[in-house]
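This report describes selected features of one model. The sequence and structure come before the details.

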Amino acid sequence: MRSLLRSLFQRIGAATPFCFRVQFADGGVYQSQPGEPAFSLRFTSVWAEWRATLFGHVGLLEAYFDQAIEFEG
């Protein structure tokens, strides 16, 4: 499941000129390109990762509202 979510962020990262960073609940990190990230996203639970994987942006927003995702920047 995490590989699906990482793949999604890799596709987004390849399509945008902005540097961003994603930290997964297990501590793993994906950064779209070298440099200082414009923003960082941190999953605080595996459930938040599942929601984002299964329900896309709606799941991501629901996890954010439940405080299972933290944004910085």
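E62 is partly exposed, with a relative accessible area of 36%; here buried means under 20% relative accessible area, exposed over 50%, and partly exposed in between, with a 1.4 Å probe and protein chains only. The side chain of E62 meets that of R51 in a salt bridge, at 3.8 Å from N to O. A salt bridge is a side-chain nitrogen of Lys or Arg within 4 Å of a carboxyl oxygen of Asp or Glu. R51 is buried, at a relative accessible area of 12%.

R51 also forms a salt bridge with D66, and the N to O distance for this pair is 2.5 Å. This pair links distant parts of the chain, with D66 in the loop between α2 and β4 and R51 in helix α2, 15 residues apart. Helices (H or I, at least four residues) and strands (E, at least two) are DSSP runs, numbered from the N terminus. D66 counts as partly exposed, at 48% relative accessibility. Through shared partners, the salt bridges join R51, E62 and D66 into one network.

## Basis of the model

The model is predicted; local features need pLDDT of at least 70, side-chain atom pairs count only at pLDDT 80 or more, and totals for chains, interfaces and linings use all residues. Residues are numbered from 1 along each chain as its sequence is written, and side-chain values use heavy atoms, with hydrogens and water left out.

## The E70–R42 salt bridge

By the salt-bridge rule, the count comes to three. One of them joins E70 and R42, whose closest N and O atoms are 2.8 Å apart. E70 lies in strand β4 (residues 69–72) and R42 in strand β3 (residues 39–43), so the pair ties together parts that are 28 residues apart in sequence. E70 is partly exposed, with a relative accessible area of 39%, and R42 is partly exposed at 32%.

## The loop between α2 and β4

Q67 is found in the loop between α2 and β4. The phi of Q67 is near 60°, a positive value in a residue other than glycine. Most residues other than glycine have a negative phi. Q67 counts as exposed, at 66% relative accessibility.

A68 lies in the loop between α2 and β4 and counts as buried, at 11% relative accessibility. A68 and E49 are 19 residues apart in sequence, and their C-alpha atoms are 9.0 Å apart in space.

## Nonpolar surface patch

V46, W47, W50, L54, F55 and V58 form a nonpolar patch on the surface, with about 630 Å² of accessible area together. Patches are made of residues with over 30% relative accessible area and no salt bridge, where like charges are joined within 9 Å and nonpolar side chains (Val, Leu, Ile, Met, Phe, Trp, Tyr) within 5 Å. Accessible areas come from the Shrake-Rupley method with a 1.4 Å probe, and for residues only the protein chains shown count as cover.

L54 has its place in helix α2 (residues 46–65). L54 is exposed, with a relative accessible area of 52%.

## Helix crossing

The axes of helix α1 (residues 2–15) and α2 come within 9 Å and cross at roughly 60°. That makes α1 oblique to α2; angles under 35 degrees count as roughly parallel, over 145 as roughly antiparallel, 65 to 115 as roughly perpendicular and the rest as oblique. Axes are lines fitted to C-alpha atoms, for helices over the stretch in contact, and angles run from 0 to 180 degrees between N-to-C directions.

The crossing of α1 and α2 is left-handed, a term for a near helix turned anticlockwise from the far one by less than a right angle, with right-handed used if clockwise.
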